[in-house]
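This report goes through a structure of two chains, one topic at a time. Please have the sequence and the model in view while reading.

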Number of protein chains: 2
Amino acid sequence: PAPQRTVLSSFVSSRNLVESAINSSPARLAILAFLLIVTLFTVLLMLPAASSNGQSTPLHDALFTAVSAVCVTGLTVVSTADHWSFFGQAVILLGIFIGGLGTLTLASILALVVSKKLGVRGKLIAQEAMNSGNRLGEVGSLLRIVISVSLVAEAIIALWLFVRFLTLGETPAQAAWHGVFYAISTFNNAGFTPHSDGLIPYEFDLWILVPIMLGGFVGSLGFPVMLVLIKKGLVFRTWNLHAKLTVQMSLLLLVVGAILWGLMEWDNVKTIGTLSTPDKIVHALFASVMSRSLGFNLVDMNAMTSDTMLLTDMLMFAGGGSASTAGGIKVTTIAVMFLAILAEARGDEDVKVYGRTIPPGAMRVAISVIVMGGTIVAVGTLLLLRISHESLDRVLFEVISAFATCGLSTGLSGELPAEGKYVLTILMFFGRVGTVTLAAALALRERRTLYHFPEERPIIG
Amino acid sequence: PAPQRTVLSSFVSSRNLVESAINSSPARLAILAFLLIVTLFTVLLMLPAASSNGQSTPLHDALFTAVSAVCVTGLTVVSTADHWSFFGQAVILLGIFIGGLGTLTLASILALVVSKKLGVRGKLIAQEAMNSGNRLGEVGSLLRIVISVSLVAEAIIALWLFVRFLTLGETPAQAAWHGVFYAISTFNNAGFTPHSDGLIPYEFDLWILVPIMLGGFVGSLGFPVMLVLIKKGLVFRTWNLHAKLTVQMSLLLLVVGAILWGLMEWDNVKTIGTLSTPDKIVHALFASVMSRSLGFNLVDMNAMTSDTMLLTDMLMFAGGGSASTAGGIKVTTIAVMFLAILAEARGDEDVKVYGRTIPPGAMRVAISVIVMGGTIVAVGTLLLLRISHESLDRVLFEVISAFATCGLSTGLSGELPAEGKYVLTILMFFGRVGTVTLAAALALRERRTLYHFPEERPIIG
Ligand SMILES: [K+]
Ligand SMILES: [K+]
C-alpha cells in the first residue's frame, strides 16, 4: 500500500499546492495563467498553417494578435479575414473563448477571495451555489456556472445571427461560422470580426445590430451582476449594492454617451450627417455601447470629429462592470469615486448610498485603480508619440483602446513599427490583468494599524 | 452724542459684516472679490488710452487680458508689447500685482480658517504673528506680511534685472521699467512680458534666466512655505508637514520634468538640438520651472515634439504650492494622493508620512480637487475642439495652460473666435479661484456623522 499512499498524498499535496497558491497570492496566479495562455496562442498563430499564405507570421504580429484575442481586445495589426487561414481564425476564436472564460473566472475568484477575507456584506457571487467546503470545489463550481451562462448566452446570439445570415443569402456553413464567431466575439466583448469590412455592411440591419448591442451590454455588466439578474430578476430593490451601482452607472454612461456622440456627429457628413434621424439615433446608441468595450464600429474612426474622439476616449477608459470581459477602470470604480466626492461636497463623514456605507478602504482602492490607469495611459501615450510621430488624437485613442481592451481603432496599430506594437501589446495585457489584480491585491493587503501617528493636515488645492 | 454713536455703531457693524462674511462663506467672498477686480480691470483696459492705437479694445480681448493678468496666467490674445499703450501695460502690471497679492491673501485666509475650524496641528501660517484677537486684525496683519514679503522679493529681482538690462545697453528708464515688470511678473508667476519676443533674445543670458527661475520657483512654493523658510531656515526637520511635502514634491517635479524635457527635445533641431550640452541643460531646467506655472518660454511651443507637449501638459496640470500664485491642482494634492496610494499598496490603515497621519478628510478633498480639475479640463477641451477645429495637441495644451494659470501658449488663444476666448477666460478664472475655494469649502463642510449605515463593498477594478 506504500505506492498507493504516495500517489494519494501527491494528489492531495498538488491540490493543496493549487489551493495555497490561490490563497496566498491570487493576483500573481492570475498574471501567470494569462502569460501561459498568451504564450500558447502566440505559438499557435506563428504556425505557417495559421496564415492564409502559408508563411509563418512574425513574432510581433502573432503576439499582438494572441494578446488581443486572449485579452478580448479586438485591436488588429493584420486583417482577421484576410491574413489568417480558417485554422488561424479558429485559433483566434478559441483564444477569445478561453480568454473570456479566464477573465470571468479569475476576476470572480478574486472578488470571492476579497469578499471572504473582508467579510463583505451582500453576496457578490452566488456563494451558496458553491458551498463545497474547500476552495478548489468552489473554483470548480464557479467555472461551471461561468461556462454554462456563457454558453447559453452565446448560443442564443449565435442562433439568432445564424438565421439572419441565412436569410441574407449565406450558405448554412458560412452562416453558422459567422453566427458562432460574432456570438463569441460579442458576448466576450472581444470585437473581432470575420468580415473584412466588419459590421459596416449591416449598418442599417437592426436584426444584426440589436442582438449585438444587447449581448455586448449584458456581457459588459459582469458575471456577478448577471448572476444577480438571473436569481432576482429585475426587482431593483432586491439586488446587492454592486449590481445596483453597476447597472445604474452602465445605463447612465450608455445614455449620456449616446446623446453626446449623436450631438457631436449629427452634422458630420463623413459619418452620420447624411442619415435619417432614426438611423442617426441607432448609430449613436451603437457607438456608445461599442465604445465602452465591445469595439465594433459602423463609422470610420478617423472621420469622427476630434471632440467625438475625445468623448470615445473617456467612454473607453470608463469601461464596463467588474468581473466582466469589458475593460477600462470599471463603472463601480467611477461610481465609488463619484459617491465619495458627493459625500465630501455634502460634508458627510461616511460615503453612503442605498442605505449602505462604502468602506474607506474601497475608496482608496478605487483611487489607486484610477491613478494606475491614468499613469499607464500617460506613459503609453508618451512612448507611442515618440515611436510613431503621430498626432495626439490618434495615439491617445489607440492607447486607451488597448488599455481598456476596447478595440476601436483609427488603424494606427497596423501602421506602427514592431516596437510600437509591443507597447500596445503590453498595454492590452496590463489593461486586462492589471486593474483586476491590482484592485484585489490592494484589498487583500488591508490590515488594522496597531499604533497611530498624530494627525497633521497639509493645505490642499 | 446720538450721531456719534450711530457712526461708531455703523463702523462696528460694517466690521462685523466683513468678519461674518469671512466666517460664513470665505469661498464665496473670494469669488466675489475676484469678480469685482476683474470687472474693474476690464473697464480700464477697454479705455481708448489703454491701447497703443487709441481705439477701444473689444470686450472679449479686454476681458481675456484682464482675467489673464488678475489670475496671473500670462496667456495673451494680443501682443502685450505692441497692442497696449504704456498706460495699458501699467494697468496689466497693476492687475498682476493686485491679483498676485489677492491670490496669496485669500488663499492664506482660507487655509487659516480651515486650520482653525479643524484644529490642525502644525501651524500653517505664522499664526503667532497675528494674534490680534479678531479675524479682521488677522486679515490685516496677514495682508501686511504678504505685501512686505512680496515687495522685498520683487525689489531684489527688479534691482538685479535693472543692473543687467543697463549693462545690456538699455536706458535707465527702460531698464527700470523692464526690471520692475519682469520682477512683478516673475515673483507672481504671471508670465507677462514687456518685450514682443519675450525672453527669447536672452536665452543664453544666465544673469537674466537664473533670477527669473529662482524667483518663479520660490514664488511657486506658496506663502505658507515661504514663511516657514523665513522663520526656520533650511533645517528640514523643523518644518511643518505642509512645507516638507511642498518643497520635496516641487523639487521632484522640477528635476524629473527637466530630465524628461531634456531627453525628449535633445535632438530636436527646431528647439535645442543645435545647442551646446550646457545650454541644453539650462533650457531643460528653465522649461521645467516655467511649465509648472510661470509660463515664460525660450523655444516655440509649436516646435516641440508631441510627447514634450504632453509632458508639459502634465507639469502644468500639477502646478505649484498651495496659497501661491502658481496654479494647477497643487503639489500637496498630488503628494497626498500619492501617499494614500502608497499606504494602500502597503496595506496600511493610516496614511503616514514623517511621523504624522494625514486625515482621511484631507485625502477626500485631494481627490475632489483632482477630479474637478480633470473634469474642467475635459469639458474645456471638448468645447474648444468643437469651436476651433484644431488638433487635440494644441487645444489640450492651451486649455491646461489656462486652467493651470501657466500661460505657455502655442498661439491658439489669439487665433480663436470670441466664443473660444470666453471659454479660455472662464477656464483661467475657475483655475485660479476654483481649486482654492473648492478645497476650502469642502474642508469646512466636514462634520461628524451621528448614525452609520452598515458597510457594503462593491467590487472595484
Ligand atoms: K473589445
Ligand atoms: K503664469
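At 1% relative accessibility, E344(B) counts as buried (under 20% relative accessible area; exposed is over 50% and partly exposed in between, with a 1.4 Å probe and protein chains only). E344(B) belongs to helix α13 of chain B, residues 331-346. Helices (DSSP runs of H or I, at least four residues) and strands (runs of E, at least two) are numbered from the N terminus.

The partner of E344(B) is in the other chain: E344(B) and R364(A) form a salt bridge, with 2.9 Å between the closest N and O atoms. A salt bridge here is a side-chain nitrogen of Lys or Arg within 4 Å of a carboxyl oxygen of Asp or Glu. The two side chains are also joined by a polar contact of 2.9 Å. That term covers a pair of N or O atoms within 3.5 Å; within protein, one must be able to donate a hydrogen and the other to accept it, and residues adjacent in sequence count only if both atoms are side-chain atoms. R364(A) is buried too, with a relative accessible area of 11%.

## Basis of the model

This is a predicted model, in which local features need pLDDT of at least 70 and side-chain atom pairs count only at pLDDT 80 or more, while totals for chains, interfaces and linings use all residues. Residues are numbered from 1 along each chain as its sequence is written, chains are lettered from A and ligands numbered from 1 in the order in which they are written, and side-chain values use heavy atoms, with hydrogens and water left out.

## Salt bridges

Over all chains, the count is 12 salt bridges. E344(B) lies in helix α13 of chain B and R364(A) in helix α14 (residues 360-388) of chain A, so this pair joins two chains. Across the interface of chain B and chain A there are four salt bridges.

Another salt bridge is formed by the side chains of D307(B) and R386(A), at 2.6 Å from N to O. This pair also crosses between chains, running from helix α12 (residues 306-318) of chain B to helix α14 of chain A. D307(B) is buried at 2% relative accessibility, whereas R386(A) is partly exposed at 39%.

Within chain A, E415(A) forms a salt bridge with R394(A), the closest N and O atoms being 3.1 Å apart. E415(A) is in helix α16 (residues 412-415) and R394(A) in helix α15 (residues 392-403), 21 residues apart. E415(A) is partly exposed, with a relative accessible area of 48%, and R394(A) is buried, with 14%. Salt bridges with shared partners join E390(A), R394(A) and E415(A) into one network.

## The interface

How many residues does each chain give to the contact? Chain B gives 86 residues and chain A gives 86 residues, where contact means heavy atoms within 4.5 Å. The area buried between the chains is about 7,700 Å², with carbon and sulfur atoms giving 59% of it. Buried area is the accessible area (1.4 Å probe) that two parts lose on being put together, summed over both.

Eight residue pairs, both residues at pLDDT 80 or more, are in polar contact between chain B and chain A. On the side of chain B that touches chain A, the largest share, 16 residues, comes from helix α14 (residues 360-388) of chain B.

## Symmetry

A rotation of 180° with 0.0 Å of shift along its axis superposes chain B on chain A, with an RMSD of 0.0 Å. That is the relation of a two-fold axis. The superposition is by least squares on the C-alpha atoms of residues with pLDDT of at least 70 in both copies. In chain B, the C-alpha nearest the axis belongs to L392(B), 3.1 Å away from it.

## Inside the chains

Chain A has 17 helices and two strands, and 60% of its 461 residues count as buried.

M428(B) sits in helix α17 (residues 418-445) of chain B and is buried at 0% relative accessibility. Its C-alpha atom is 7.0 Å from that of V67(B), 361 residues apart along the chain.

S413(B) is also buried, with a relative accessible area of 0%. Its side chain makes a polar contact of 2.6 Å with the side chain of E398(B).
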